Amino acid sequence: MTLTTDRRRHDREILALAVPAFGALVAEPLFLMADSAIVGHLGTAQLAGVGVASAALTTATGVFVFLAYATTAAVARRIGAGDRRAAIQQGIDGIWLALALSAGVVALTLLFAPGVAEVLGASPTAAPYAVTYLRISALGIPAILMVMAATGVLRGLQDTRTPLYVAVAGFAANLGLNAGLVYGAGLGVAGSAWGTVIAQTGMAAAYLFVVVRGARREHASLRPDAAGIRASAKAGGPLMVRTLSLRAILMIATAVAAGLGDDEIAAHQIAMTVFLFIAFALDAIAIAGQAIIGRCLGAEDAPGARAATRRMIEWGIGAGAVLGVLVVVARPLYVPLFTPDPAVQHQLNTVLLLLALCQPVSGLVYVLDGVLMGAGDGPFLAWAMLATLVVFAPAALLVPASGTGLAGLWWALNLFMLVRGGFLGWRARGGKWLVTGAVRG
(Lines give C-alpha, C1' and ligand atoms only; values in the text may rest on other atoms or scores of the structure.)
Protein backbone atom coordinates (compact mmCIF):
# COMPACT_ATOMS: atom_id res chain seq x y z
CA MET A 1 0.00 0.00 0.00
CA THR A 2 1.47 3.37 -1.03
CA LEU A 3 1.68 6.35 1.32
CA THR A 4 -0.93 8.24 -0.71
CA THR A 5 -3.35 5.31 -0.62
CA ASP A 6 -2.80 4.90 3.11
CA ARG A 7 -3.48 8.60 3.72
CA ARG A 8 -6.67 8.46 1.64
CA ARG A 9 -7.88 5.46 3.62
CA HIS A 10 -7.28 7.29 6.89
CA ASP A 11 -8.97 10.42 5.52
CA ARG A 12 -12.10 8.50 4.53
CA GLU A 13 -12.29 6.82 7.90
CA ILE A 14 -11.71 10.03 9.87
CA LEU A 15 -14.34 11.94 7.90
CA ALA A 16 -16.86 9.09 8.09
CA LEU A 17 -16.66 9.21 11.90
CA ALA A 18 -15.96 12.90 12.53
CA VAL A 19 -18.64 14.56 10.37
CA PRO A 20 -21.64 12.82 11.98
CA ALA A 21 -20.00 13.24 15.40
CA PHE A 22 -19.79 16.99 14.83
CA GLY A 23 -23.48 17.12 13.96
CA ALA A 24 -24.40 15.25 17.14
CA LEU A 25 -22.17 17.49 19.27
CA VAL A 26 -23.76 20.64 17.87
CA ALA A 27 -27.28 19.25 18.31
CA GLU A 28 -26.82 18.60 22.05
CA PRO A 29 -26.49 22.25 23.22
CA LEU A 30 -29.55 23.11 21.17
CA PHE A 31 -31.63 21.54 23.96
CA LEU A 32 -30.68 24.35 26.34
CA MET A 33 -30.87 26.99 23.61
CA ALA A 34 -34.42 25.88 22.77
CA ASP A 35 -35.39 26.04 26.43
CA SER A 36 -33.94 29.54 26.79
CA ALA A 37 -35.59 30.83 23.61
CA ILE A 38 -39.03 29.56 24.61
CA VAL A 39 -38.80 30.49 28.30
CA GLY A 40 -37.40 33.92 27.44
CA HIS A 41 -40.85 34.99 26.28
CA LEU A 42 -42.32 34.20 29.69
CA GLY A 43 -40.31 36.90 31.45
CA THR A 44 -36.88 37.88 32.75
CA ALA A 45 -37.24 36.10 36.10
CA GLN A 46 -38.23 32.86 34.38
CA LEU A 47 -35.31 33.07 31.96
CA ALA A 48 -32.88 33.82 34.78
CA GLY A 49 -34.18 30.86 36.77
CA VAL A 50 -33.80 28.47 33.84
CA GLY A 51 -30.32 29.87 33.17
CA VAL A 52 -29.19 29.11 36.72
CA ALA A 53 -30.79 25.65 36.67
CA SER A 54 -29.26 24.82 33.28
CA ALA A 55 -25.79 25.76 34.53
CA ALA A 56 -26.25 23.48 37.55
CA LEU A 57 -27.53 20.57 35.45
CA THR A 58 -24.75 20.94 32.88
CA THR A 59 -22.16 20.80 35.66
CA ALA A 60 -23.83 17.91 37.49
CA THR A 61 -24.01 15.72 34.38
CA GLY A 62 -20.92 17.01 32.55
CA VAL A 63 -18.52 15.49 35.08
CA PHE A 64 -19.76 12.06 33.98
CA VAL A 65 -18.81 12.51 30.32
CA PHE A 66 -16.25 9.77 30.96
CA LEU A 67 -19.17 7.37 30.51
CA ALA A 68 -18.93 8.12 26.78
CA TYR A 69 -15.14 8.37 26.56
CA ALA A 70 -14.18 5.26 28.54
CA THR A 71 -16.92 3.16 26.94
CA THR A 72 -15.82 4.18 23.45
CA ALA A 73 -12.24 3.06 24.09
CA ALA A 74 -13.18 -0.23 25.75
CA VAL A 75 -15.74 -1.21 23.11
CA ALA A 76 -13.42 -0.22 20.23
CA ARG A 77 -10.64 -2.45 21.61
CA ARG A 78 -12.97 -5.44 21.65
CA ILE A 79 -14.07 -4.66 18.10
CA GLY A 80 -10.44 -4.49 16.99
CA ALA A 81 -9.85 -7.87 18.62
CA GLY A 82 -12.73 -9.30 16.58
CA ASP A 83 -14.99 -10.00 19.59
CA ARG A 84 -18.20 -8.10 18.90
CA ARG A 85 -20.13 -9.95 21.59
CA ALA A 86 -17.66 -8.90 24.30
CA ALA A 87 -17.66 -5.35 22.88
CA ILE A 88 -21.41 -5.02 23.32
CA GLN A 89 -21.25 -6.67 26.73
CA GLN A 90 -18.65 -4.08 27.77
CA GLY A 91 -20.97 -1.33 26.56
CA ILE A 92 -23.91 -2.75 28.52
CA ASP A 93 -21.79 -2.68 31.68
CA GLY A 94 -21.13 1.02 31.00
CA ILE A 95 -24.87 1.67 30.69
CA TRP A 96 -25.54 -0.08 34.00
CA LEU A 97 -22.82 2.07 35.60
CA ALA A 98 -24.55 5.18 34.22
CA LEU A 99 -27.85 4.06 35.73
CA ALA A 100 -26.23 3.41 39.12
CA LEU A 101 -24.49 6.79 39.20
CA SER A 102 -27.64 8.64 38.19
CA ALA A 103 -29.52 7.48 41.28
CA GLY A 104 -27.23 9.46 43.58
CA VAL A 105 -27.18 12.52 41.32
CA VAL A 106 -30.99 12.61 41.15
CA ALA A 107 -31.32 12.33 44.93
CA LEU A 108 -28.81 15.11 45.58
CA THR A 109 -30.37 17.40 42.97
CA LEU A 110 -33.87 16.97 44.41
CA LEU A 111 -32.64 17.51 47.96
CA PHE A 112 -30.33 20.47 47.42
CA ALA A 113 -32.09 22.32 44.59
CA PRO A 114 -32.90 25.41 46.72
CA GLY A 115 -29.35 25.60 48.05
CA VAL A 116 -27.87 25.22 44.57
CA ALA A 117 -30.03 28.07 43.27
CA GLU A 118 -28.86 30.27 46.13
CA VAL A 119 -25.16 29.42 45.70
CA LEU A 120 -25.36 30.18 41.97
CA GLY A 121 -26.75 33.62 42.72
CA ALA A 122 -30.39 33.27 41.68
CA SER A 123 -32.34 36.37 42.72
CA PRO A 124 -35.38 36.02 45.03
CA THR A 125 -37.69 36.34 42.02
CA ALA A 126 -35.74 33.87 39.85
CA ALA A 127 -34.99 31.26 42.56
CA PRO A 128 -38.46 29.60 42.60
CA TYR A 129 -38.27 29.06 38.84
CA ALA A 130 -34.73 27.67 39.14
CA VAL A 131 -35.83 25.21 41.85
CA THR A 132 -38.87 24.10 39.83
CA TYR A 133 -36.80 23.54 36.69
CA LEU A 134 -34.03 21.73 38.62
CA ARG A 135 -36.33 19.34 40.44
CA ILE A 136 -38.30 18.34 37.36
CA SER A 137 -35.19 18.12 35.17
CA ALA A 138 -33.53 15.89 37.75
CA LEU A 139 -35.88 13.13 36.60
CA GLY A 140 -34.14 13.23 33.22
CA ILE A 141 -30.64 12.73 34.64
CA PRO A 142 -30.75 8.90 34.32
CA ALA A 143 -31.60 9.34 30.64
CA ILE A 144 -28.77 11.85 30.15
CA LEU A 145 -26.14 9.54 31.65
CA MET A 146 -27.48 6.50 29.82
CA VAL A 147 -27.31 8.44 26.55
CA MET A 148 -23.66 9.26 27.30
CA ALA A 149 -22.79 5.61 27.87
CA ALA A 150 -24.83 4.35 24.91
CA THR A 151 -23.23 6.96 22.66
CA GLY A 152 -19.88 5.54 23.74
CA VAL A 153 -21.04 2.05 22.80
CA LEU A 154 -21.98 3.12 19.28
CA ARG A 155 -18.82 5.18 18.79
CA GLY A 156 -16.78 2.16 19.87
CA LEU A 157 -18.68 0.12 17.29
CA GLN A 158 -17.48 2.73 14.72
CA ASP A 159 -20.99 4.14 14.36
CA THR A 160 -21.37 7.91 14.74
CA ARG A 161 -24.35 8.23 12.40
CA THR A 162 -26.92 6.76 14.79
CA PRO A 163 -26.03 9.27 17.56
CA LEU A 164 -26.50 12.06 14.99
CA TYR A 165 -29.95 10.82 14.01
CA VAL A 166 -31.00 10.41 17.65
CA ALA A 167 -29.67 13.85 18.60
CA VAL A 168 -31.51 15.58 15.74
CA ALA A 169 -34.75 13.73 16.51
CA GLY A 170 -34.36 14.55 20.20
CA PHE A 171 -33.86 18.25 19.50
CA ALA A 172 -36.92 18.37 17.25
CA ALA A 173 -39.03 16.58 19.87
CA ASN A 174 -37.72 18.85 22.61
CA LEU A 175 -38.63 21.96 20.62
CA GLY A 176 -42.16 20.76 19.87
CA LEU A 177 -42.83 19.49 23.40
CA ASN A 178 -41.56 22.66 25.04
CA ALA A 179 -43.64 24.94 22.84
CA GLY A 180 -46.73 22.81 23.45
CA LEU A 181 -46.31 22.42 27.20
CA VAL A 182 -45.12 25.96 27.96
CA TYR A 183 -47.71 27.81 25.90
CA GLY A 184 -50.34 25.29 24.76
CA ALA A 185 -50.76 23.66 28.18
CA GLY A 186 -49.85 26.83 30.07
CA LEU A 187 -47.31 25.06 32.30
CA GLY A 188 -44.65 27.76 32.01
CA VAL A 189 -41.18 26.86 33.30
CA ALA A 190 -42.41 23.46 34.51
CA GLY A 191 -43.60 22.70 30.97
CA SER A 192 -40.16 23.48 29.58
CA ALA A 193 -38.53 21.12 32.07
CA TRP A 194 -41.03 18.33 31.39
CA GLY A 195 -40.59 18.72 27.63
CA THR A 196 -36.83 18.28 27.95
CA VAL A 197 -37.18 15.30 30.30
CA ILE A 198 -39.56 13.55 27.89
CA ALA A 199 -37.25 14.20 24.92
CA GLN A 200 -34.20 12.97 26.85
CA THR A 201 -36.07 9.83 27.92
CA GLY A 202 -37.06 9.21 24.31
CA MET A 203 -33.43 9.50 23.24
CA ALA A 204 -32.34 7.04 25.92
CA ALA A 205 -35.06 4.61 24.79
CA ALA A 206 -33.88 4.86 21.17
CA TYR A 207 -30.28 4.13 22.18
CA LEU A 208 -31.34 1.22 24.37
CA PHE A 209 -33.36 -0.24 21.50
CA VAL A 210 -30.27 -0.18 19.25
CA VAL A 211 -27.95 -1.62 21.92
CA VAL A 212 -30.40 -4.32 23.05
CA ARG A 213 -30.99 -5.36 19.44
CA GLY A 214 -27.23 -5.68 18.96
CA ALA A 215 -26.90 -7.64 22.22
CA ARG A 216 -29.56 -10.14 21.17
CA ARG A 217 -27.95 -10.54 17.76
CA GLU A 218 -24.61 -11.35 19.39
CA HIS A 219 -26.16 -13.32 22.30
CA ALA A 220 -24.70 -10.91 24.87
CA SER A 221 -26.24 -10.79 28.34
CA LEU A 222 -28.30 -7.75 29.35
CA ARG A 223 -27.87 -8.43 33.06
CA PRO A 224 -25.58 -6.24 35.18
CA ASP A 225 -22.16 -7.79 35.71
CA ALA A 226 -20.43 -6.55 38.87
CA ALA A 227 -16.91 -7.16 37.53
CA GLY A 228 -17.69 -5.39 34.26
CA ILE A 229 -19.27 -2.41 36.03
CA ARG A 230 -16.23 -2.13 38.32
CA ALA A 231 -13.94 -2.22 35.27
CA SER A 232 -15.95 0.57 33.65
CA ALA A 233 -15.76 2.65 36.82
CA LYS A 234 -12.01 2.04 37.13
CA ALA A 235 -11.43 3.19 33.55
CA GLY A 236 -13.67 6.23 34.03
CA GLY A 237 -12.26 7.44 37.34
CA PRO A 238 -9.11 9.11 35.94
CA LEU A 239 -11.15 10.68 33.13
CA MET A 240 -13.46 12.17 35.75
CA VAL A 241 -10.43 13.76 37.44
CA ARG A 242 -9.40 15.15 34.05
CA THR A 243 -12.86 16.61 33.45
CA LEU A 244 -13.08 18.17 36.93
CA SER A 245 -9.64 19.77 36.44
CA LEU A 246 -10.73 21.18 33.08
CA ARG A 247 -13.92 22.60 34.58
CA ALA A 248 -11.90 24.17 37.39
CA ILE A 249 -9.76 25.95 34.78
CA LEU A 250 -12.83 27.32 33.01
CA MET A 251 -14.42 28.40 36.30
CA ILE A 252 -11.26 30.22 37.37
CA ALA A 253 -11.19 32.02 34.02
CA THR A 254 -14.83 33.09 34.41
CA ALA A 255 -14.28 34.28 37.98
CA VAL A 256 -11.24 36.35 36.98
CA ALA A 257 -13.10 37.89 34.03
CA ALA A 258 -16.05 38.76 36.27
CA GLY A 259 -13.72 40.58 38.64
CA LEU A 260 -12.31 42.72 35.82
CA GLY A 261 -15.61 44.49 35.11
CA ASP A 262 -18.93 44.21 33.27
CA ASP A 263 -17.47 44.88 29.81
CA GLU A 264 -14.77 42.30 30.37
CA ILE A 265 -17.06 39.50 31.58
CA ALA A 266 -19.48 40.19 28.73
CA ALA A 267 -16.67 39.97 26.15
CA HIS A 268 -15.24 36.90 27.87
CA GLN A 269 -18.55 35.04 27.78
CA ILE A 270 -19.01 35.78 24.08
CA ALA A 271 -15.44 34.68 23.34
CA MET A 272 -16.03 31.48 25.31
CA THR A 273 -19.13 30.82 23.20
CA VAL A 274 -16.97 31.04 20.06
CA PHE A 275 -14.26 28.94 21.74
CA LEU A 276 -16.73 26.19 22.66
CA PHE A 277 -18.28 26.09 19.18
CA ILE A 278 -14.83 25.63 17.65
CA ALA A 279 -14.19 22.95 20.26
CA PHE A 280 -17.13 20.96 18.88
CA ALA A 281 -15.51 20.85 15.43
CA LEU A 282 -12.12 19.82 16.80
CA ASP A 283 -13.63 17.38 19.29
CA ALA A 284 -15.32 15.58 16.40
CA ILE A 285 -11.85 14.60 15.13
CA ALA A 286 -10.97 13.54 18.68
CA ILE A 287 -14.02 11.27 18.79
CA ALA A 288 -12.88 9.67 15.54
CA GLY A 289 -9.50 9.23 17.22
CA GLN A 290 -11.01 7.44 20.21
CA ALA A 291 -12.78 4.93 17.98
CA ILE A 292 -9.95 4.36 15.48
CA ILE A 293 -7.10 4.10 17.99
CA GLY A 294 -9.04 1.78 20.29
CA ARG A 295 -9.82 -0.51 17.35
CA CYS A 296 -6.22 -0.52 16.08
CA LEU A 297 -4.77 -1.35 19.50
CA GLY A 298 -7.39 -4.07 20.04
CA ALA A 299 -6.27 -5.57 16.71
CA GLU A 300 -2.61 -5.56 17.91
CA ASP A 301 -1.82 -2.98 15.21
CA ALA A 302 0.47 -0.48 16.93
CA PRO A 303 2.00 0.76 13.63
CA GLY A 304 -1.52 1.39 12.32
CA ALA A 305 -2.33 3.37 15.47
CA ARG A 306 0.82 5.46 14.93
CA ALA A 307 -0.04 6.12 11.29
CA ALA A 308 -3.64 7.07 12.10
CA THR A 309 -2.41 9.37 14.87
CA ARG A 310 -0.05 11.20 12.51
CA ARG A 311 -2.82 11.76 9.99
CA MET A 312 -5.29 12.94 12.64
CA ILE A 313 -2.69 15.38 13.99
CA GLU A 314 -2.42 16.85 10.49
CA TRP A 315 -6.21 17.11 10.34
CA GLY A 316 -6.39 18.70 13.80
CA ILE A 317 -3.70 21.33 13.19
CA GLY A 318 -5.05 22.11 9.72
CA ALA A 319 -8.65 22.41 10.93
CA GLY A 320 -7.52 24.60 13.83
CA ALA A 321 -5.62 26.91 11.50
CA VAL A 322 -8.61 27.27 9.15
CA LEU A 323 -11.01 27.91 12.02
CA GLY A 324 -8.61 30.45 13.52
CA VAL A 325 -8.53 32.40 10.24
CA LEU A 326 -12.34 32.29 10.05
CA VAL A 327 -12.64 33.65 13.58
CA VAL A 328 -10.59 36.70 12.59
CA VAL A 329 -11.94 37.29 9.09
CA ALA A 330 -15.61 36.88 10.05
CA ARG A 331 -15.51 39.20 13.08
CA PRO A 332 -17.43 42.04 11.34
CA LEU A 333 -20.24 39.58 10.59
CA TYR A 334 -20.79 37.91 13.96
CA VAL A 335 -19.51 40.30 16.65
CA PRO A 336 -22.42 42.80 16.17
CA LEU A 337 -24.85 39.88 16.49
CA PHE A 338 -23.59 39.20 20.01
CA THR A 339 -23.44 42.78 21.29
CA PRO A 340 -24.06 46.34 20.05
CA ASP A 341 -21.96 47.83 22.89
CA PRO A 342 -18.79 49.48 21.42
CA ALA A 343 -16.83 48.93 24.65
CA VAL A 344 -17.59 45.22 24.70
CA GLN A 345 -16.87 44.95 20.98
CA HIS A 346 -13.47 46.57 21.52
CA GLN A 347 -12.58 44.06 24.24
CA LEU A 348 -13.93 41.20 22.16
CA ASN A 349 -11.99 42.05 19.01
CA THR A 350 -8.71 41.87 20.94
CA VAL A 351 -9.60 38.62 22.67
CA LEU A 352 -10.71 36.95 19.44
CA LEU A 353 -7.28 37.57 17.92
CA LEU A 354 -5.70 35.74 20.85
CA LEU A 355 -8.25 32.95 20.60
CA ALA A 356 -7.58 32.53 16.87
CA LEU A 357 -3.82 32.53 17.41
CA CYS A 358 -3.98 29.35 19.49
CA GLN A 359 -6.38 27.29 17.36
CA PRO A 360 -3.69 25.21 15.57
CA VAL A 361 -2.42 24.21 19.03
CA SER A 362 -6.00 23.53 20.10
CA GLY A 363 -6.41 21.21 17.12
CA LEU A 364 -3.33 19.27 18.20
CA VAL A 365 -4.55 19.12 21.80
CA TYR A 366 -8.03 17.83 20.97
CA VAL A 367 -6.71 15.16 18.62
CA LEU A 368 -4.10 13.85 21.04
CA ASP A 369 -6.63 13.93 23.87
CA GLY A 370 -8.87 11.67 21.77
CA VAL A 371 -5.98 9.42 20.75
CA LEU A 372 -4.89 8.83 24.35
CA MET A 373 -8.48 8.30 25.47
CA GLY A 374 -8.88 5.72 22.73
CA ALA A 375 -5.75 4.03 24.03
CA GLY A 376 -7.22 3.95 27.55
CA ASP A 377 -4.43 6.17 28.88
CA GLY A 378 -6.73 7.82 31.44
CA PRO A 379 -4.29 8.02 34.39
CA PHE A 380 -1.83 10.05 32.32
CA LEU A 381 -4.58 12.37 31.10
CA ALA A 382 -5.67 12.96 34.70
CA TRP A 383 -2.17 13.85 35.91
CA ALA A 384 -1.49 16.01 32.85
CA MET A 385 -4.65 18.06 33.36
CA LEU A 386 -3.96 18.45 37.09
CA ALA A 387 -0.45 19.68 36.29
CA THR A 388 -1.87 22.08 33.69
CA LEU A 389 -4.30 23.42 36.30
CA VAL A 390 -1.36 24.06 38.65
CA VAL A 391 0.35 26.12 35.92
CA PHE A 392 -2.78 27.97 34.78
CA ALA A 393 -4.27 28.94 38.13
CA PRO A 394 -1.52 31.32 39.33
CA ALA A 395 -1.10 32.80 35.83
CA ALA A 396 -4.83 33.60 35.70
CA LEU A 397 -5.17 34.79 39.30
CA LEU A 398 -2.29 37.24 38.82
CA VAL A 399 -4.03 38.94 35.88
CA PRO A 400 -5.92 41.58 37.96
CA ALA A 401 -2.75 42.65 39.76
CA SER A 402 -0.73 42.71 36.53
CA GLY A 403 -3.04 45.23 34.90
CA THR A 404 -3.14 43.27 31.64
CA GLY A 405 -6.94 43.02 31.73
CA LEU A 406 -8.94 40.56 29.67
CA ALA A 407 -6.14 40.18 27.14
CA GLY A 408 -3.90 38.96 29.97
CA LEU A 409 -6.49 36.36 30.94
CA TRP A 410 -6.65 35.05 27.37
CA TRP A 411 -2.87 34.89 27.21
CA ALA A 412 -3.16 32.70 30.31
CA LEU A 413 -5.75 30.55 28.53
CA ASN A 414 -3.40 30.21 25.57
CA LEU A 415 -0.68 29.18 28.04
CA PHE A 416 -3.10 26.51 29.32
CA MET A 417 -3.46 25.11 25.79
CA LEU A 418 0.29 25.24 25.15
CA VAL A 419 1.14 23.42 28.39
CA ARG A 420 -1.58 20.86 27.76
CA GLY A 421 -0.29 20.36 24.22
CA GLY A 422 3.24 19.92 25.55
CA PHE A 423 2.20 17.15 27.93
CA LEU A 424 0.11 15.34 25.32
CA GLY A 425 2.74 15.70 22.59
CA TRP A 426 5.44 14.31 24.88
CA ARG A 427 3.27 11.33 25.75
CA ALA A 428 2.30 10.63 22.14
CA ARG A 429 5.95 10.64 21.02
CA GLY A 430 6.72 7.85 23.47
CA GLY A 431 5.39 4.32 23.37
CA LYS A 432 3.88 3.72 26.81
CA TRP A 433 0.37 4.49 25.58
CA LEU A 434 0.60 1.92 22.79
CA VAL A 435 -0.75 -1.00 24.84
CA THR A 436 -2.27 -3.57 22.50
CA GLY A 437 -4.86 -6.26 23.15
CA ALA A 438 -8.60 -6.62 23.69
CA VAL A 439 -8.25 -5.23 27.23
CA ARG A 440 -5.72 -2.66 28.40
CA GLY A 441 -3.77 -4.27 31.21
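## Packing of H11 and H12

Helices H11 and H12 are roughly antiparallel to each other, because angles over 145 degrees count as such. In this predicted model, the axes of H11 (residues 262-298) and H12 (residues 302-329) cross at roughly 170 degrees and come within 10 Å; axes are lines fitted to C-alpha atoms over the stretch in contact, with angles from 0 to 180 degrees between N-to-C directions. Helices are DSSP runs of H or I, at least four residues, numbered from the N terminus.

The contact (heavy atoms within 4.5 Å) includes Ile-278, Ile-285 and Ile-292 of H11 and Met-312, Trp-315 and Leu-323 of H12. By class, this contact has 18 nonpolar, 5 polar and no charged residues, where Ala, Val, Leu, Ile, Met, Phe, Trp, Tyr, Cys and Pro count as nonpolar, Asp, Glu, Lys and Arg as charged, and the others, Gly among them, as polar.

## Geometry of H10

The 35 residues of H10 (residues 226-260) should span 51 Å, and the end C-alpha atoms are 50 Å apart, which agrees; the expected span is 1.5 Å times one less than the number of residues. At Gly-237, shortly before Pro-238, H10 has a kink of about 30 degrees, the angle between axes fitted to the seven residues ending there and the seven starting there. Gly-261 follows H10 and has a positive phi, near 140 degrees.

## Salt bridges

The whole structure holds 8 salt bridges, each a side-chain nitrogen of Lys or Arg within 4 Å of a carboxyl oxygen of Asp or Glu. In one of them, Asp-11 meets Arg-311 at 2.6 Å, N to O. Asp-11 belongs to H1 (residues 3-27) and Arg-311 to H12, so this pair ties together parts 300 residues apart in sequence.

## Basis

Residues are numbered from 1 along each chain as its sequence is written, and side-chain values use heavy atoms, without hydrogens and water. In this predicted model, local features need pLDDT of at least 70 and side-chain atom pairs count only at pLDDT 80 or more, whereas totals for chains, interfaces and linings use all residues.

Note on methods
Helix = DSSP H or I, 4+ residues; strand = E, 2+ residues; numbered from the N terminus. Parallel < 35°, antiparallel > 145°, perpendicular 65-115°, else oblique.
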